[in-house]
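Colleague: I am new to this structure and would like to learn how to read it. Could we go through it feature by feature?

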Amino acid sequence: MALTSRFTVRSLSSPTTSSLYRVNSQSLTYNDINRRRWDRRYWNQSTTNPTQNLNDYLFPWKLIAGAVAIGTFSYLYSYNAEAAEKKVDYNAVREDIKNLLDNEKYDDGSYGPVLIRLAWHAAGTYSKTDQKAPGGSDGATMRFEPESAHGANSGLNVARNLLEKVKNKHPEISYADLWSLSAVVAIEHMGGPKINWRPGRVDKTDGSHCTPNGRLPDADKGPDHIRDIFYRMGFNDREIVALIGAHAVGRCHPDRSGFSGPWTNSPTTFSNDFFEQLLNNTWTKKKWNGPEQYEDPTGKLMMLPADLALIKDPAFKKIVQEYAADEDKYFKDFALAFQKLEEAGVKALAKPWYQFW
Ligand code: HEM
């Protein structure tokens, strides 16, 4: 378009209105040039529909504004969902769990160990590869059959029933969060490490999400079985040893697992004592009518075949030695491994797709 092309103006003489100018190889007077300028302005204004021009200009902005509106709405919606979740007073829940723990009439004087076992058995069904039945602490599926009746969960009704009092008082917390939090509170209360705990687990409403029997480790098996089970959940050797060190607390019950006795002399204190006993005590097969288990010379302490696998396997044993020598290191590793166990497969706590760190 000639009128919109740029003028190349070169002065041929001194600038007066009658002087001649060279414009795109034509000789023009100053007035000619001005007229052309005027024409160009007039043409621009008269031939372009200003409304259409505005619409063209605004089109991408309308798209952007729409996207911003949708984004803001979803942000506000999720913010409200979060705010609703925040109605749970976790400090009050922690306090009520703590008040349930010590009880002279139960076992060695604390419900802590059985609460830890409940959380571990709820979470330890996790499979990182099974998309249909991933298991894990999300869902609290052990409230339903068949999971509640799986042999490995025998006796855990004690822990579930105990926590009903807290659930009744704080109905807004999910069972899944409550079970998980109660283990964390118990570990801390018994002198163990502080564990970074995050809520977000959502209860399933029936047993159709239960995992098949056999996801939890057998007590009468060796290192290969232990690795199969824990690798399926995504743990490595260090994390496996750290987690099983929780046997510093609690005991075996003949009417639950069939095994009998505690692992340490301080079964209500969370410590690295399980590793010290494994390494420094002498373990011989117990002569009795029950399943194969091992006892120390006093006959008071016990080890499962699966516990002894941790010193039979050279790679596991190195880690046992490290934890027996350094309780601080053990506590740090345990806290991280236990958080990982409790968060495995929890949808609300999963990293978003764009987070690679
Ligand atoms: C190879 C892995 C494991 C095996 C074979 C195993 C097996 C057992 C068995 C047979 C009992 C006795 C249950 C009873 O009679 O009441 C028990 C108790 C217990 N387990 Fe494990 N366990 C394993 C890993 C873990 C892990 C990873 C944790 C926690 C992070 C854990 C925490 C406990 C606690 C605290 C108790 C005591 C429960 C009570 O005193 O009522 N165990 N375990």
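Modeller: We will take confidence, the ligand, a helix pair and the backbone in turn.

Colleague: What is the mean pLDDT of the protein chain?

Modeller: This is a predicted model. The mean pLDDT of the protein chain is 88, and 80% of its residues reach 70 or more. Over residues 1-13 the pLDDT is below 50, although this stretch has 20 contacts in the model beyond near neighbours in sequence.

Colleague: Which residues come nearest to the ligand?

Modeller: There are 23 residues around the ligand, and P113, A246, G250, R256 and S257 come nearest. Two or more residues of this shell come from each of α4 (112-123), α8 (237-244) and β4 (251-252). Helix α4 gives the most, with 5 residues. By class, the shell has 15 nonpolar, 5 polar and 3 charged residues.

Colleague: Why does the ligand lie between domain 3 and domain 4?

Modeller: Both domain 3 (90-215) and domain 4 (223-343) give residues to the shell around the ligand, so the ligand lies between them.

Colleague: How are two packed helices described?

Modeller: The description uses the angle between their axes and the distance between the axes. Here, helix α10 (residues 305-312) packs against helix α11 (residues 314-325) at an angle of about 90°, with the axes 5 Å apart. The two helices α10 and α11 are therefore roughly perpendicular to each other.

Colleague: Which residues of α10 and α11 meet?

Modeller: From α10 come A309, L310 and I311; they meet F316, K317 and V320 of α11. The contact of α10 with α11 has 5 nonpolar residues, no polar ones and 1 charged residue.

Technical notes:
Residues numbered from 1 in each chain as written. Predicted model: local features only at pLDDT ≥ 70, side-chain atom pairs only at ≥ 80, totals over all residues. Near = placed C-beta within 6 Å. Helix = DSSP H or I, 4+ residues; strand = E, 2+ residues; numbered from the N terminus. Nonpolar A, V, L, I, M, F, W, Y, C, P; charged D, E, K, R; others polar. Domains from an automatic or database assignment. pLDDT = per-residue confidence, 0-100. Contact = placed C-beta atoms within 7 Å. Axes fitted to C-alpha atoms, helices over the stretch in contact; angles between N-to-C directions. Parallel < 35°, antiparallel > 145°, perpendicular 65-115°, else oblique.
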